[in-house]
Amino acid sequence: MQITASAISLNVADPQASARFLIDHLGFTEQLAADGFVSLARADAGMNVIYLRTGLATFKPARIAGSAGEGVLVVFTVADIDAEYARLRGEGVPIETAIETEEWGERYFQMTDPNGVVIQLVQWV
């Protein structure tokens, strides 16, 4: 097997709002879009982020068609967590969990997009 690309697909009520959050605050670009669907990319992210509108009839398997806001963290590792924290706070991004460092060396903070998806930035120290 050869994997040629990777993506995470998240069900949200308003795909455009979540897409705009990643575009405006994390530098993603829109690759594809249609009614109820947006695919975003960033060359250094290692994966695309796809937002699907909750309730699309084409979504399968139906048993997992709920909202991505429950039990999901989207995590990106960055080079300077403190600079990103200051920048995003300055942009007025809603911070879910203030910056902290775990005993195993994970320094991170969490923010929430307009659909309640938690985005975590982390730096290993």
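I began with helix α1 (residues 15–26), which lies across β1, β2, β3 and β4 and runs at about 155° to β4. Contact here means heavy atoms within 4.5 Å. Angles run from 0 to 180 degrees between N-to-C directions, with axes as lines fitted to C-alpha atoms, for helices over the stretch in contact. Helices (H or I, at least four residues) and strands (E, at least two) are DSSP runs, numbered from the N terminus.

**Basis and confidence**

I noted that this is a predicted model, in which local features need pLDDT of at least 70, side-chain atom pairs count only at pLDDT 80 or more, and totals for chains, interfaces and linings use all residues. Residues are numbered from 1 along each chain as its sequence is written, and side-chain values use heavy atoms, with hydrogens and water left out. The pLDDT is the predictor's confidence in each residue, from 0 to 100. I read a chain average of 93, with 99% of the residues at 70 or above.

**First sheet**

I traced an open sheet of four strands, ordered β1-β4-β3-β2, with mixed pairing. Two strands pair if DSSP finds at least two bridges between them. The edges are β1 (7–12) and β2 (29–34); each has a single partner strand, so one side of each lacks a neighbour in the sheet. From one strand to the next I get an average twist of 20°. Strands β3 (residues 37–41) and β4 (residues 48–53) are antiparallel and share four bridges. Within them, I found Phe37 bridged to Leu52 in β4.

**Gln110**

I picked Gln110 in strand β7 (residues 106–112). Is Gln110 buried or exposed? Gln110 counts as buried because its relative accessibility is 13%; buried means under 20% relative accessible area, exposed over 50%, partly exposed in between (1.4 Å probe, protein chains only). Beyond neighbours within four places in sequence, I list contacts of Gln110 including Leu73, Ile95 and Val118.
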